[in-house]
Amino acid sequence: MIIENQCRWLGSVIALLFFGFILWVIYLANTGQSSVFFGLVRQVPYGDKVGHFMLFGLLTLLANWGLRFRKVNLGSIPMLLGTFLVVLFVLVEEISQAWLPSRTLDWRDLLADAAGIGLFHGLSWWLAAKKQKNSQ
């Protein structure tokens with residue numbers, strides 16, 4: 001029981017730390033600052049899209065883990081709460097770029113975000129089902 005409680009706490013902390021890292025990267029991009037990460041992304045073919053895919057995909061997985069795979073219903077459609085929150089965040093963040101001089105609103109970024117969120121949402125569903133099966 002103690003180990004299970006520590007894992008629950010750990011998942012939330014890791015998710016919050018990763019979200020903080022993403023906020024920091026967004027801040028740097030929004031203010032036109034440079035980072036070692038931006039240099040690495042430029043060196044990889046399609047690095048920007050791979051970055052969007054991985055950052056928001058991993059955030060989805062970590063948010064779902066940190067929220068203990070809690071589910072919500074959108075009408076008749078069940079969804080994991082972490083996924084729902086990441087989708088809202090991504091939509092606001094990507095659309096806000098239309099009003100920032102140092103950023104560019106790019107539908108391909110949104111598509112890469114959606115692909116990462118979708119894949120890691122599926123992985124989260126699988127882990128939630130496995131967790132439920134093991135707890136029975």
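In this predicted model, tryptophan 24 is partly exposed, its relative accessible area being 40%. The ring of tryptophan 24 pairs with that of phenylalanine 37 in an edge-to-face arrangement, at 6.0 Å centre to centre and 85° between the planes. Because tryptophan 24 belongs to helix H1 and phenylalanine 37 to helix H2 (residues 36-43), this pair ties together parts that are 13 residues apart in sequence. Phenylalanine 37 is likewise partly exposed, at 34% relative accessibility.

In total, 7 aromatic pairs were found in a search of the whole structure. In one of them, phenylalanine 21 and tryptophan 24 form a tilted pair, with 6.1 Å from centre to centre and 40° between the planes. Both of these residues lie in helix H1 (residues 2-30), where a spacing of 3 residues, about one turn of the helix, separates phenylalanine 21 from tryptophan 24. Phenylalanine 21 has a relative accessible area of 27% and is thus partly exposed. A single aromatic cluster is made up of Phe18, Phe21, Trp24 and Phe37.

Phe18 is also one of the residues of the largest nonpolar core. This core comprises 12 residues, namely Ala15, Phe18, Ile22, Ile26, Phe56, Leu59, Leu62, Ala63, Val86, Phe89, Val90 and Ile117. At least two core residues are supplied by each of H1, helix H3 (47-66) and helix H4 (81-96).

The strands form a hairpin. Strand S1 (residues 71-74) and strand S2 (residues 77-80) are paired in the antiparallel sense over 4 bridges, and lysine 71 stands opposite leucine 80 of S2. Between S1 and S2 there are 2 residues, and glycine 75 in the turn adopts a positive phi of about 70°.

Charged side chains were examined next. Side chains of opposite charge can pair when their charged atoms come close. The structure contains 5 salt bridges. In one of these, lysine 49 is joined to aspartate 109, with the closest N and O atoms 2.5 Å apart. Since lysine 49 lies in helix H3 and aspartate 109 in helix H5, the pair ties together parts that are 60 residues apart in sequence.

Aspartate 106 is located in the loop between H4 and helix H5 (107-135), and a relative accessibility of 12% places aspartate 106 among the buried residues. A polar contact of 3.2 Å connects the side chain of aspartate 106 with that of lysine 49. Aspartate 106 additionally forms a salt bridge with arginine 108, for which the closest N and O atoms are 3.1 Å apart; arginine 108 is partly exposed, with a relative accessibility of 46%. A network of salt bridges links Asp48, Lys49, Asp106, Arg108 and Asp109.

A further salt bridge is formed by glutamate 93 and arginine 103, whose closest N and O atoms are 3.4 Å apart. Glutamate 93 lies in helix H4 and arginine 103 in the loop between H4 and H5, and the pair links distant parts of the chain, 10 residues apart. Both glutamate 93 and arginine 103 are buried.

Methods
Residues numbered from 1 in each chain as written. Predicted model: local features only at pLDDT ≥ 70, side-chain atom pairs only at ≥ 80, totals over all residues. Heavy atoms only, no water. Phe/Tyr/Trp six-rings, centres within 6.5 Å; stacked < 30°, edge-to-face > 60°. Buried < 20%, exposed > 50% of the residue type's maximum accessible area, 1.4 Å probe, protein only. Core = buried A, V, L, I, M, F, W, Y, C linked by side-chain atoms within 4.5 Å. Pairing = 2+ DSSP bridges. Polar contact = N/O pair within 3.5 Å; in protein donor to acceptor, adjacent residues only side chain to side chain. Salt bridge = Lys/Arg side-chain N within 4 Å of Asp/Glu carboxyl O.
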